[in-house]
Amino acid sequence: MTLPVLYSLRNCPYAMRARLAIYASGQQVYIRDLVLSNKPAELLAASPKATVPVLVLKANTVTGQCDVIDESLAIMQWAFSQTDPNNYLHSQSANALPEMLAMISQFDTEFKGLLERYRCAKRYHEPTLTTDRQACEQYISKLELRLTQHQYLMSNNPSLVDLALMPFIRQFARVERQWYRQAPYPHLRHWLNHYLQSNLFTKVMAQYPLWLESKQEHIFGNSPSSR
């Protein structure tokens with residue numbers, strides 16, 4: 001195995017942000033797309049959690065065993081620890097990474113649950129739709145405020161937190177599309193549209209044959225010659 005192996009699900013926001021970081025950092029992996037109803041035995045052997053994304057690294061030269069990373073944020077940090085040509089970690093500031101990790105943690109532990117309630121309320125036509133949306137807006141409004149101050153969430157340059165949150169803000173925007181288009185978050189819409197229309201997002205959302213069906217290895221990532 002000459003490259004790490006990434007088990008991924010195309011539309012899963014956690015897998016999406018892992019792929020964003022891998023591509024933006026200039027890494028390459030073998031991507032194995034799957035469906036949750038048919039999980040490869042190799043995935044189950046690598047990670048008992050059996051959720052995506054899972055990154056299986058090259059064999060450790062000491063133990064001979066492969067190291068496994070099965071948390072999306074950890075995969076993102078791994079990618080940028082290898083190479084970070086556009087400084088997504090904002091390494092010039094000692095406080096930047098702790099601040100970004102704290103923001104990501106808040107969205108992962110608080111906003112994500114509220115977003116799921118909001119999505120379910122829309123799907124099942126529940127009367128709590130408006131109040132569930134307003135609960136999400138407490139977090140959305142904080143992002144809007146940040147984006148009134150600079151182009152991205154941390155500064156005028158993209159960062160780890162932009163890539164980590166974008167897939168979930170994309171989900172939020174798709175729940176009530178008509179409401180979202182006229183909502184008082186113009187800076188957030190501009191920020192999200194920038195990503196959705198980018199070459200980065202196009203590459204990250206490319207569709208690959210399901211690995212269990214083809215058993216062919218496809219390389220995903222940004223080759224050194226194109227960085």
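## Basis

In this predicted model, local features need pLDDT of at least 70 and side-chain atom pairs count only at pLDDT 80 or more, while totals for chains, interfaces and linings use all residues. Numbering starts from 1 along each chain as its sequence is written, and side-chain values use heavy atoms, with hydrogens and water left out.

## Overall fold

The protein chain holds ten helices and five strands. These are DSSP runs numbered from the N terminus: helices are H or I with at least four residues, strands are E with at least two. The radius of gyration is 18 Å, close to the 17 Å that the globule rule gives for 227 residues, so the chain is as compact as a globular protein of that length. That radius is taken over C-alpha atoms, and the rule is 2.2 Å times the number of residues to the power 0.38.

The C-alpha trace spans about 55 × 45 × 30 Å along its principal axes. Take contacts (heavy atoms within 4.5 Å) between residues at least 6 apart in sequence: 70% of them join residues at least 24 apart.

## Surface and charge

Of the 227 residues, 49% count as buried. Buried means under 20% relative accessible area, exposed over 50%, and partly exposed in between, with a 1.4 Å probe and protein chains only. The accessible surface comes to about 11,300 Å², and 50% of that belongs to carbon and sulfur atoms. Areas come from the Shrake-Rupley method with a 1.4 Å probe; for residues, only the protein chains shown count as cover.

The chain has 23 positive and 18 negative charges, and their mean positions are 5 Å apart. Lys and Arg count as positive, Asp and Glu as negative; His and the chain ends are not counted. Each charge is placed at NZ of Lys, CZ of Arg, CG of Asp or CD of Glu.

## Ser155

Ser155 sits in the loop between helix H5 (129–149) and helix H6 (160–175). Ser155 counts as buried because its relative accessibility is 17%. Beyond its neighbours within four places in sequence, Ser155 is in contact with His90 and His150.

His90 is 65 residues from Ser155 in sequence, yet their C-alpha atoms are 9.2 Å apart.

## Glu176

Glu176 lies in the loop between H6 and helix H7 (177–182). With a relative accessible area of 13%, Glu176 is buried. Leaving out residues up to four places away in sequence, Glu176 touches Tyr118, Lys122, Leu129 and Arg133.
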